[in-house]
Amino acid sequence: MHTPILESSIEYLKGVGPTRANLLKTEMGVVKFGDLIYKFPFRYVDKSLVQKIKDLHGDGNPVQIEGILVSLELITGNNRKRLVGLFKDDSGFIELIWFQRVKILEQTLKVGSEYVLYGKLNVYKGKKTIPHPEMELAEKAKESIKGDFDPVYYSSEKLTSRGLDAKGIRRIMVSLFEKISKTDVPENLPTYILTSLKLMGKYEAIKEMHFPTNKSLLEDAQKRLKFEELFFMQMRLLQIKKNRQKNLKGHIFEYVGEHFNTFYKEKLPFELTGAQKRVIKEIRFDLGSGIHMNRLVQGDVGSGKTMVALMCILLAIDNGFQTCMMAPTEILARQHYDSIMEYVKGMNINVAFLSGTVKGKKRAALLQSLEQGEIDILIGTHALIEDPVVFKNLALAIIDEQHRFGVVQRAKLWRKNESLPPHILVMTATPIPRTLAMTLYGDLDVSLIDEMPPGRKDVKTTHFTESRRAHVLQFMHHEIAKGRQIYVVFPLIDESETLDLQNLNAGYEQLLQYFPPGQFNISVLHGKMKPKDKDFEMERFVAGKTHIMVATTVIEVGVNVPNASVMIIENSERFGLSQLHQLRGRVGRGADQSYCILMTSYKVSKEAKERIHTMVRTNNGFEIAEADMQLRGAGNIEGVQQSGYMDFNLANLANDGPILLAARHIAEKILNEDMTLAMPKNELLRREMVALHRKHKSYNRIS
Ligand code: ADP
Ligand code: MG
């Protein structure tokens with residue numbers, strides 16, 4: 001049988017051969033013709049944009065000018081050999097300079113001729129030069145330019161050494177497209193999608209990327225290819241979700257019974273917010289439906305996720321089921337245990353705590369009563385998912401602060417009930433932008449708690465440099481005098497743990513001078529301490545016995561001390577946005593006005609400045625998450641890399657939100673109408689999905 005041309009080995013492409021083929025494979029992952037067509041230019045040079053010499057400012061962008069080479073001189077003094085040229089257009093003169101290939105250039109460049117010059121401007125002590133410009137005779141340049149945009153390809157040192165620099169890649173791209181035609185690159189989107197969204201055909205789009213006609217067609221091509229990537233990813237995610245909903249039965253929570261009602265009527269210490277009510281309703285609907293629930297609750301720090309979890313737990317108990325709640329750290333798990341114990345006091349509900357610290361007879365007894373169904377709620381750390389932990393009838397598993405747990409751990413929870421997996425409720429206080437959520441959690445149902453309990457005041461955030469230290473110390477005294485407590489947080493980054501510890505200790509020493517023992521108490525908490533000591537220090541602070549908590553980021557997640565009203569973050573330029581936001585979330589949990597003070601040195605990077613400005617500007621976690629994504633790119637947001645859903649060639653979640661929304665919308669519509677893609681009009685989609693499924697087998701069954 002005749003093999004499709006895209007399957008041909010790249011070695012056989014004109015201008016490649018075995019050596020370059022090897023390099024293309026190792027440097028770019030290109031093995032076949034079909035791989036090369038997807039190696040798109042990483043940028044384009046706008047040929048229509050010719051600048052004037054007098055307007056050049058050296059802003060780092062490439063420049064293009066048109067003019068006459070006035071003179072050329074080879075200088076061979078005691079210095080390095082160099083070739084110096086003078087170039088002029090109708091606005092002025094500029095110096096050109098070459099250090100390499102000077103002999104050849106001296107012979108080939110023609111003084112007095114008109115050139116199009118391309119390069120980067122260098123400004124040194126006010127003097128402007130262009131080192132190593134690319135020169136093309138104006139006549140020729142005009143001939144070779146078909147469109148306004150010239151593609152620039154990725155290359156590498158090794159590729160360049162074998163003649164495959166950016167231009168060399170361009171040359172083999174030309175030979176490639178001489179060989180292939182429209183029939184070789186089959187369309188994978190049905191016509192009805194192409195027409196309704198006005199999308200370019202696949203082959204046309206790919207060709208346009210390499211040989212752009214003009215700016216607007218190039219943008220159409222990019223849109224088409226980005227859509228394709230995002231659309232098929234959404235199709236995969238939604239198919240997984242719909243399959244689960246169709247095939248995976250869930251425990252049915254039929255009754256709203258005594259526990260739920262008693263608590264709601266008699267014990268609930270406050271009125272639920274509208275958002276809490278809505279989310280509880282969404283969860284109740286799932287739990288009553290007979291379908292397996294796999295739901296993510298996103299809510300900013302302090303939005304009241306614990307109460308939502310508790311209401312669901314009560315519902316489970318009313319229906320005779322066990323529940324568990326897992327937190328990423330001992331401190332957090334303890335806190336959940338304490339607050340839930342407090343809430344259900346006097347209600348004849350059996351709550352137990354399990355972590356690595358529960359050992360021996362106590363542990364054995366706990367495990368036994370768990371297996372016999374005497375424990376209603378088990379709260380703890382990841383110790384919960386270990387094999388010896390056996391439930392009688394676990395029907396709801398709640399995971400707090402999910403970004404700390406891996407997919408594997410979630411999968412283990414699924415297996416804690418052999419007859420039917422428990423419903424899964426994941427709670428995260430790390431808001432992520434909507435586009436990211438759709439990708440990262442596209443196969444989960446998502447609930448949003450987008451409202452804060454009433455009376456909560458926004459935390460006032462200020463940025464200070466070291467020169468205001470005295471002022472900050474004074475402010476601390478002032479707040480402590482009002483009966484408040486204060487966090488002082490130091491960065492902790494793995495590589496320089498010792499150094500950070502020194503910083504923390506130095507900071508502690510300094511504080512001791514201003515807050516002398518006897519009058520004031522200071523807690524210290526860091527990762528190098530024994531768990532027992534950590535708990536001790538934490539408990540002292542929680543109980544209000546210490547005024548100041550000097551800590552590393554171990555306090556980042558979830559700790560709740562409503563009386564703490566000041567968060568001082570030292571070296572705040574070293575923290576990421578989501579971390580800063582988490583830390584700030586530790587205050588503002590009571591009724592008092594709270595403050596967050598971001599300390600930095602004088603000199604901070606542009607990005608760090610941007611992060612700090614964002615923090616000062618807003619308290620809204622979703623806005624901060626969006627800013628974080630814009631600053632760092634979607635690929636660098638925590639949890640994204642491991643997801644396996646983010647290997648886009650062109651699409652970028654930070655900028656392509658509208659395309660993603662369109663893709664998600666149409667994918668949903670198609671699957672609602674034709675879940676198995678059996679309709680003739682969806683034949684192309686069915687085939688593509690089968691191919692994708694084969695390629696991505698490993699990701700498919702994950703909560
Ligand atoms: P998070 O979402 O960060 O886990 P918590 O569940 O710890 O938030 O709640 C933060 C604080 O807000 C707790 O002290 C809790 O008692 C309180 N809280 C929760 N819901 C409400 C509400 N509807 N009205 C008033 N206070 C609430
Ligand atoms: Mg919480």
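View 1. The chain is divided into domain 1 (1–47 + 149–185), domain 2 (55–144), domain 3 (187–321 + 426–456 + 648–703) and domain 4 (460–618). The model shown is predicted, and its C-alpha trace spans about 95 × 75 × 45 Å along the principal axes. The chain has 24 helices and 22 strands, and of its 703 residues 51% count as buried. Among contacts with a separation of 6 or more, 73% are between residues 24 or more positions apart.

**View 2. The interface of domain 3 and domain 4.** The centres of domain 3 and domain 4, taken over C-alpha atoms, are separated by 37 Å, and six residues of domain 3 are in contact with seven residues of domain 4. Between them the two domains bury about 520 Å², of which 49% is on carbon and sulfur atoms. On the side of domain 3, Val 301, Thr 430 and Arg 456 supply 65% of the area buried against domain 4, more than any other three residues. Across this interface the rule finds zero salt bridges, although one residue pair is in polar contact. The residues of domain 3 that touch domain 4 divide into two nonpolar, two polar and two charged.

**View 3. The salt bridge of Lys 167 and Glu 134.** A search of the whole structure finds 30 salt bridges, one of which joins the side chains of Lys 167 and Glu 134, with N to O at 3.1 Å. This pair links distant parts of the chain, since Lys 167 lies in helix H6 (residues 166–179) and Glu 134 in strand S8 (residues 134–137), 33 residues apart. Glu 134 is partly exposed, with a relative accessible area of 41%.

**View 4. The salt bridge of Arg 469 and Glu 466.** Arg 469 forms a salt bridge with Glu 466, and their closest N and O atoms are 2.9 Å apart. Arg 469 is buried, at a relative accessible area of 14%, whereas Glu 466 counts as partly exposed at 39%.

View 5. Within helix H24 (residues 683–695), Arg 686 and Glu 683 lie three residues apart, about one turn of the helix, and they form a salt bridge whose closest N and O atoms are 3.1 Å apart. Arg 686 counts as partly exposed at 33% relative accessibility, and Glu 683 is also partly exposed, with a relative accessible area of 28%. Elsewhere, Arg 278, Glu 282, Asp 286, Arg 295 and Asp 450 are joined into one network by salt bridges that share partners.

Note on methods. Residues numbered from 1 in each chain as written. Chains lettered and ligands numbered in written order. Predicted model: local features only at pLDDT ≥ 70, side-chain atom pairs only at ≥ 80, totals over all residues. Heavy atoms only, no water. Domains from an automatic or database assignment. Contact = heavy atoms within 4.5 Å. Buried area = accessible area lost by both parts, 1.4 Å probe. Salt bridge = Lys/Arg side-chain N within 4 Å of Asp/Glu carboxyl O. Polar contact = N/O pair within 3.5 Å; in protein donor to acceptor, adjacent residues only side chain to side chain. Nonpolar A, V, L, I, M, F, W, Y, C, P; charged D, E, K, R; others polar. Helix = DSSP H or I, 4+ residues; strand = E, 2+ residues; numbered from the N terminus. Buried < 20%, exposed > 50% of the residue type's maximum accessible area, 1.4 Å probe, protein only.
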